Amino acid sequence: MYQFFFDLTGNVIISTLAVALVPLICILLVTLFGVWLERKVSAWMQDRVGPNRIGPYGIFQTVADFIKMLQKEDAVSSEIDGVLYNIAPVLVFAGSFAAFAVIPFAATIIGSEIEVGLFYMLAVSSFVVAGILMGGWSSNNKYSLLGSMRSAAQIVSYEIPTALVVLSMVMLTGTLSLTQISELQTSSFWHWNIFGGPGWELSKFLLIPFMVVGFIIIFISTLAEVNRTPFDIPEAESELVAGYFTEYCGMKYGMFMLAEYGNMFAVSLLVSVLFFGGYQSPVGYLGKTFGIEWLVSLEQFGWFFAKGWFFIFVQMWLRWTLPRLRVDQLMTLCWKYLIPYAVINLVIIGIISLL
Amino acid sequence: MQKDGIEFMREYLKNTWDGIYTVLVGMRITFKHLFTPAVTIQYPEVKVKLPDRVRNRLYVNIDDCIGCDQCSRACPVSCIEIDTVKSIPGEDLGTTSNGKKKALWVTKFDIDIAKCCYCQLCVFPCPTECIYMTDVYEFSEYERANLLYKFSALNQDEAAQKKVNYEKFQAEKEAQKAAAAAAAAAKPKPETPAQPSDN
Ligand code: SF4
Ligand code: SF4
């Protein structure tokens, strides 16, 4: 995509900015739509109506909220640690924004085609922990501090099962590049990794149950990494006000919100790349049938978004279904259940992929 | 207590299964609710029917009020203020709907609804049943003064006029009385001694 913009404008800076703008706009739209969807889904699941005043079905409610947030006074308490306090939201947002650099939205729409995309993504998303800790510490508020401590413990623990499942996928596909992983699961849903990847050998069928287990593990652990219910103890409203961003308001609070929804979207996309074919269509492309090149990209973009939104919806669905886990339950789930299963799964997938 | 390996494994797997299974059960329930129509009543547009005996804003049908002040005295928070002026002969105030003859001008009938506690105690004593609860419950105001409801049918000038009339009448009556008394005093009193003899 960078090359495309470079050819178009012939200027390094402009093309870089243009490439960076795509995920930024994505995150903004995802947040606006995501918050609205969250409210609607929660309302529907609780037999309520949800926002319905601003625009059809209240679709512009979040836009109004966003404008309100931009106009808010930046009230800070006097006892904060100024520098860290101001850096924290930027860092958290930068972490979730940076993850989008390597996500292939379509075969041709990708910020940076680095070979180690998967590794980069795992690394950069743990960047968020630093920001959260900073925010919690510098706010000089016990709720913030507790929230950030819990969050750090949680994210660090749940990175292990995530990494183990990612590792097993890397063993299977033999690449760390997200584009290549997507390319391998070519255009039929039967070739997706959840169904054992491409090919028709025996190993494919043997893999299916372990792929499902792997999917469940990574879905749970990424859910915990983005601090969503039932793993939302870092921002447990009923205990900690709002957790690590209690003391923030205005646009700084908005940055945390953007980061949260950005992260949700990023992990949903990651899961769909690893197991559900990334941007690949499950049924084939109109563009290929008619031989229109750009239509294929557009379709891939659409499919990818649809998959991402599906997983976001599942995350919301879970949020309004399950109560919050206690800290010890959280750690039990991670260390005593997810990690052993992930290790066993890793070994079995390794053996099968040797066959 | 040390559990043996097999038992531990069985419990471990059962926990895993229970975890997944119960989450799925929960998800099925919430998914069903996703398509249940909302139970929300969209208040300003849709209003639920109120029960028959709700207590909301008071209303006074001033045409029926005889100014007996009973409601005001019943009110536990003294939020009803009534002033009356007697009518003078020759003024016809009409009758109330249940046939009582009105004798007083109600020059002031103020209910400070901001103070009212909706106890309905003022409603029962009214002999003409002209003060009662309505089903209006949306009457918030930006100014507290607007919550002072004035029910009197007379405006200030009229009220003052009635007062002047009455005072004039009263003064005239006083004057007449005084004149009568003076006249009586001037006259000799023949009957006065006769009275005790009647006994
Ligand atoms: S309802 Fe109760 S408080 Fe209100 S005016 Fe009547 S007696 Fe007074
Ligand atoms: S009790 Fe009825 S008639 Fe008497 S003053 Fe009150 S409203 Fe008027």
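Which side chains meet in a salt bridge of 3.1 Å, N to O? Select R53(A) and E45(B) and you have the pair on screen. Keep in mind during the tour that this is a predicted model.

**Stop 1: where chain B touches chain A**

The salt bridge of R53(A) and E45(B) is the one that the rule finds across the interface of chain B and chain A. Now show the residues on both sides: 18 residues of chain B are in contact with 19 residues of chain A. Together the two chains bury about 1700 Å² between them, with carbon and sulfur atoms giving 62% of that area.

Next, pick out Y12(B), M27(B) and L34(B). These three supply 34% of the area that chain B buries against chain A, more than any other three residues.

**Stop 2**

Where the two parts meet, 22 residues of domain 1 are in contact with 27 residues of domain 2. The area buried between these domains of chain A is about 2200 Å², and 83% of it comes from carbon and sulfur atoms. On the domain 1 side, select I27(A), E38(A) and M69(A): these lose the most area to domain 2, together 27% of what that side buries.

What joins E38(A) to R319(A)? They form a salt bridge, with the closest N and O atoms 3.6 Å apart. The count of salt bridges between the two domains of chain A is one. For polar contacts, the rule finds two residue pairs across this domain interface, both at pLDDT 80 or more.

Now switch to the cartoon view. Helices α2 (12–45) and α3 (61–71) of chain A each supply at least two residues of the domain 1 side that touches domain 2. Of these residues, 17 come from α2(A), the largest share. By class, this side of domain 1 of chain A has 17 nonpolar, four polar and one charged residues.

**Stop 3: the ligands**

Bring chain B back and centre on ligand 1. It has 14 residues around it, and C75(B), C116(B), C119(B), Q120(B) and C122(B) come nearest. The shell around ligand 1 divides into 13 nonpolar, one polar and no charged residues.

Then move to ligand 2. Which residues are the closest to ligand 2? Select C65(B), C68(B), D69(B), C71(B) and C126(B), which belong to the 13 residues that surround ligand 2. The shell around ligand 2 has ten nonpolar, two polar and one charged residues.

Conventions: Residues are numbered from 1 along each chain as its sequence is written. Chains are lettered from A and ligands numbered from 1 in the order in which they are written. This is a predicted model: local features need pLDDT of at least 70, side-chain atom pairs count only at pLDDT 80 or more; totals for chains, interfaces and linings use all residues. Side-chain values use heavy atoms; hydrogens and water are left out. Contact means heavy atoms within 4.5 Å. Buried area is the accessible area (1.4 Å probe) that two parts lose on being put together, summed over both. A salt bridge is a side-chain nitrogen of Lys or Arg within 4 Å of a carboxyl oxygen of Asp or Glu. A polar contact is a pair of N or O atoms within 3.5 Å; within protein, one must be able to donate a hydrogen and the other to accept it, and residues adjacent in sequence count only if both atoms are side-chain atoms. Helices (H or I, at least four residues) and strands (E, at least two) are DSSP runs, numbered from the N terminus. Ala, Val, Leu, Ile, Met, Phe, Trp, Tyr, Cys and Pro count as nonpolar, Asp, Glu, Lys and Arg as charged, and the others, Gly among them, as polar. A residue is near a molecule or strand if one of its heavy atoms lies within 4 Å of it.
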